[in-house]
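Hi,

Here is the structure I said I would pass on.

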Amino acid sequence: MNKRGHKIGGVIATSLTLAVLEPNILDGAMLTCGIMLGAMLPDIDADYSYFNHKFRIISKVYKLIPNHNIVFRHRGLLFHSIYTILLLTILYTIFNYKWILGIIIGVLSHHILDMLTPARLPNYFYPLTRG
């Protein structure tokens, strides 16, 4: 999925979330920002990523990490797995910030859209399933 597709997915996720939760103005703004960030964030490990082009330091730091294993490759465990959602859910449980909830929803929308592509997310439930 490309940047445009994930942005559209983020807008749809935002619309659905705001319709269901009916938050006040501040919470709605926090959720919207979090969802749009979360919709784009998982591709931070890809060379073509929006974040890598805007913030070159991310790309430079990420290139220092070995890119050959299941954790650090693109669509690996670090950003494209259920563990990302679990970690964010723990953070939301501890801090209860609406923008963290928004990031969770945005990352979920990103993952769902990536699952619909031919490449899918083969290691999403690793080690329960292996791609």
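Leu91 lies in helix 5 (helices are DSSP runs of H or I with at least four residues, strands are runs of E with at least two, and both are numbered from the N terminus). Leu91 counts as partly exposed because its relative accessibility is 31%; the cut-offs are under 20% relative accessible area for buried, over 50% for exposed, and partly exposed in between, with a 1.4 Å probe and protein chains only.

Before going further, some ground rules: this is a predicted model, where local features need pLDDT of at least 70 and side-chain atom pairs count only at pLDDT 80 or more, while totals for chains, interfaces and linings use all residues. Residues are numbered from 1 along each chain as its sequence is written, and side-chain values use heavy atoms, leaving out hydrogens and water.

Back to Leu91, which belongs to a nonpolar surface patch with Leu26, Met30, Leu87, Ile90, Ile94, Phe95, Tyr97 and Trp99. Together they have about 900 Å² of accessible area (Shrake-Rupley method, 1.4 Å probe, only the protein chains shown counting as cover for residues). A patch takes residues with over 30% relative accessible area and no salt bridge, joining like charges within 9 Å and nonpolar side chains (Val, Leu, Ile, Met, Phe, Trp, Tyr) within 5 Å. A salt bridge here is a side-chain nitrogen of Lys or Arg within 4 Å of a carboxyl oxygen of Asp or Glu. Helix 2 (25-40) and helix 5 (82-95) each supply at least two patch residues, and helix 5 has the largest share, with 5.

Helix 5 also gives the most to the lining of the largest pocket, with 4 residues. A pocket is an open set of points on a 1 Å grid over the protein atoms alone, where a 1.4 Å probe fits, with protein on both sides within 12 Å along at least five of seven lines; lining residues have an atom within 4 Å of a point. The volume is about 160 Å³, meaning the space filled by probe spheres set on the points, which are joined across faces, edges and corners. Among the lining residues are Leu41, Phe79, Leu87 and Val107.

Glu22, in the loop between helix 1 (3-21) and helix 2, has a positive phi of about 45° although it is not a glycine. Arg120, in the segment after helix 6 (98-115), is not a glycine either, yet has a positive phi of about 50°.

Cheers
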